[in-house]
Amino acid sequence: MNGILWLELVVGIIVSFSLLGIFIWGARQGQFDDGKKMMNGLLNDSPEDLQDAVKKDEKVKMMKEKKAKEMEKEKSK
Amino acid sequence: MSIVKCSHCHLEFDEKVMIKEPQSPELNFCCNGCQGVYHLLKDDGLDSFYDKMGKNTISPPTAIGQDSSNFDMESFAQRYIKTTPDGFSKIDLIMEGIHCAACIWLNEKVLDETPGILEVSINFTNNKAKIIWDDETIQLSQIIDKIRSIGYNAYPYDRTQSDKKATANKKDYFMRMSIAIFASMNIMMIGVAKYTGFFMGMDEEMLRIVHMAEFIFATPVLFYSGWVFFRGAYYGLKNKMINMDFLVSAGATLTYIYSLYVLFGGAGHSYFDSVAMIITFVLVGKYLEVIGKKSAVDTMDKIKSQIPLEATIIVDGGKKVVPLDKIQVDDIIEVKNGEKASVDGVVISGDSSFDESSISGESLPVSKKIGDKIYSGTINTSAVIRYKAVKDYANSTLNNIVELLEDSLNSKPKIEDTTNELSKYFSVIILSIAFGTFMGWYFYDGDFENALIIAISVIVIACPCALALATPIASLIGVSWLAREGILFKEAKFIETFSKMDTIVLDKTGTVTTGNLSVISGKTSELSSENLNLLFSLADSSTHPVSIAVKKHLEQNHKYLKHIELESIEQLPSSGIKAKYNDVAIFGGRVNDDTKHKSTIYQFCINNTLLTTFELEDTIRDDAKQTISYLQNEGIEVIMCSGDNKHIVSKVAQEVGIKQYKSKMSPIDKANFINELRKDKKTVVMAGDGINDSLALSRADVSIAMGNGADIAIAVSDIVILNDKLNGIKKSIYISKRTFKFIKQNLAISLVYNAVTIPIAMAGYVIPLVAALSMSLSSLLVVGNSTRIKNNKLGK
């Protein structure tokens, strides 16, 4: 009986600390810096907003690649 | 008269003044700006903005069409634009006009879809934005134009070291507090099992598992979340001071050590739950303080973003744009309509009127002619003028106010917090008693372990849970009650100071009066219906507060007014407005040679013949007299301050029953006056609404802003009366006094509890079960007592 309880304790602690770890990762990324925006995102974000976020990421990646190439060109000159 | 909502801003207006678009459903707009933005969003497929906006309202757009070329100037770029390691440009902006989440969504969406913009991030809490863009694809002025085209505006701000430090500090505390709350919640759940075990029975091994789980959760709380207290205690000791941090860390560490002893060897009851609770409770309080400091920094950034960036000076007959710090005394400065004066000076050519509300609080523009003084920060509201600088920027009025405000916000008067003071002495006494108990038992029976356990049990039973709860629980109930009455206390600690105040300083315009002009006399019965319509159309052509008041008066007294298209409408600086209709000259305003009227007047002339004269006055609030008489009956000294002249101030004071008043006060005079009162050991509350009151508000022990006041006044205030009613002050006093009475009762309960239980613990008679029960009982007593606060007429 007590052996099972010890096991439950270990599993419970691993699960809860894993969740805490995810929270800490989010907080370090700045996801909770703006409390009001975060709460609104939770309540109102739609699939359309998620699609926009993906498009935005692609645009950022493209712009950064383009800029890096331009900077390389300038350096080689 | 029917009221309709503007289809863009959702503000409500009289149907007659709306711009209508007959379609299904019918569209109504309050101004051309709203109409333009509505169609722009519709055409770009962004009309889901209105679904996201819900019931919120926004301000009608005002910045559309403003010149944004100064954002591309070299001096601007050097000061505000930074380059990222990837080679992009970056700027920090403060957004104007953000009201709800939909506003953030719209701005981010529009800018994200603009080619050349890499990243846009707008903070909803403080309205600060970060924009990263590629300046080879798009110019900053185009980005600003884009923001303005959808009805918002943006100002640059210098991201200071203090802002970076405050942001990092807030993030650090947020992380520590989150971990503390997470662990405490888990410990509370485990605690349910533990305390149930006391009654139902629990074997040794199972108790050890429960203690082990508590130990795992309490350890990060003490050493990570509680690290700030160890650090504070270390610096306190370095300066030879026993501070609150020392007592929190010492109490928590001793309890932790005792609990470790129980877990790994000894028998008995562990107190890991107390360790986590003490740290979490105090840390939440500290986090609120950190947020307060961060919002002070945000307020200063908002104020600084309003300072003009450059000024146009006249050199050798030509114009030159120079940064503010390059302006020298005797330089000739040109100020166009809508621009802000950058430094103090004297008019040398031109005739105009200036909005001096940031200095005097008065909403009426003041006329300026040759020889008159110009104050920095005031806005030119009509024609171009030139003036000679008499001070450089560093010594000008605006910079003085900004610097003083910065000092005040950084050193807000320290409020005597009874509970903090009490718990400081309380903890010193408890630590001394515990040490005495240890020594006594050790010398009495020579058993070190027994002496240590009894000493620690003294500390544990005296765990200031009830003391820690005494103030927050009562304050929470008081503050939520106040919020329901439309009064927002930014921090609960102001309840105590507010209930102890003996002097209140009231600003006149916008606080005792409504700040809006209304017609008190003027005949329209002798006017023909055509002349009446001409007068209405003329008053409707101006946004000057006097014209607005006359228009409102006409609308209230006449049913069938018709709008007539006037020609050649021209604003006359400092006198009024003129126009033509079928070769008839119409004039509305003040005829120059009229000196018999002391108050504000509006005269209506046709072909130079005076037809009627309106007399206007600022309206006193309905509840002003009643509130002031209540304050006086409570023994509070009421003083009224104003930037207005003595004649007007004394008249208002007499009408509302105020015996003491001060007139012609500048923002700095008001702040100095508050300082003098505080030097006389008075507890001063200041109530105001304007930018000109901000400095005085920041100097008072507690400051109140009216809900319709300027953003800056609201930002620096401790209390905001959201419904803009003066009797909010009366309600605040009543509720604060009642709440403070209960705080004192709670403190008494917790002290009596300790006075009874500590001697028992010192005698070594406390078993863990009794300690746990008595701790809970004392907390319950305090919570139960606090719920009685609302048991009265006003509360029900």
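These legends walk through several close-ups of a predicted two-chain model.

Chains are lettered from A and ligands numbered from 1 in the order in which they are written, and residues are numbered from 1 along each chain as its sequence is written. Because this is a predicted model, local features need pLDDT of at least 70 and side-chain atom pairs count only at pLDDT 80 or more, while totals for chains, interfaces and linings use all residues.

View 1. Chain A has 3 helices and 0 strands; helices (H or I, at least four residues) and strands (E, at least two) are DSSP runs, numbered from the N terminus. Of its 77 residues, 3% count as buried. Here, buried is 20 or more other C-beta atoms within 10 Å of a residue's own, exposed is 12 or fewer, and partly exposed is in between, with C-beta atoms placed from the backbone.

**View 2. Helix H1 of chain A and the glycine just after it.** H1(A) has 27 residues and spans 38 Å from its first C-alpha to its last, close to the 39 Å expected at 1.5 Å a residue. That expected span is 1.5 Å times one less than the number of residues. Just past the helix, A:Gly30 takes a positive phi of about 90°.

**View 3. Where chain A touches chain B.** Chain A puts 24 residues into this contact and chain B puts in 26; two residues are in contact if their C-beta atoms, placed from the backbone, lie within 7 Å. On chain A's side, the elements giving two or more residues are H1 (2-28), H2 (35-44) and H3 (47-76). The largest share, 10 residues, comes from H1(A). By class, this side has 12 nonpolar, 5 polar and 7 charged residues. The classes work like this: Ala, Val, Leu, Ile, Met, Phe, Trp, Tyr, Cys and Pro are nonpolar, Asp, Glu, Lys and Arg are charged, and the others, Gly among them, are polar.

**View 4. Chain B and a lysine on helix H6.** Chain B comes to 26 helices and 31 strands, and 42% of its 796 residues count as buried. Among its contacts between residues at least 6 apart in sequence, 66% join residues at least 24 apart. Zoom in on B:Lys164, which lies in H6 (residues 161-200) of chain B. B:Lys164 is exposed, as it has 11 other C-beta atoms within 10 Å. Its C-alpha is 9.7 Å from that of B:Val297, 133 residues apart along the chain.

**View 5. Helices H18 and H19 of chain B crossing at roughly 140°.** The axes of H18(B) (residues 529-540) and H19(B) (residues 545-557) come within 8 Å. Axes are lines fitted to C-alpha atoms, for helices over the stretch in contact, with angles from 0 to 180 degrees between N-to-C directions. H18(B) and H19(B) are therefore oblique to each other: under 35 degrees is roughly parallel, over 145 roughly antiparallel, 65 to 115 roughly perpendicular, and the rest oblique. B:Leu535, B:Phe536, B:Ala539 and B:Asp540 of H18(B) meet B:Ser547, B:Val550, B:Lys551 and B:Leu554 of H19(B). These contact residues divide into 5 nonpolar, 1 polar and 2 charged.

**View 6. Helices H20 and H25 of chain B crossing at roughly 30°.** The axes of H20(B) (residues 624-633) and H25(B) (residues 727-762) come within 8 Å, and the angle makes the two roughly parallel. B:Gln626, B:Thr627 and B:Tyr630 of H20(B) meet B:Asn727, B:Ile729 and B:Lys730 of H25(B). This contact divides into 2 nonpolar, 3 polar and 1 charged.
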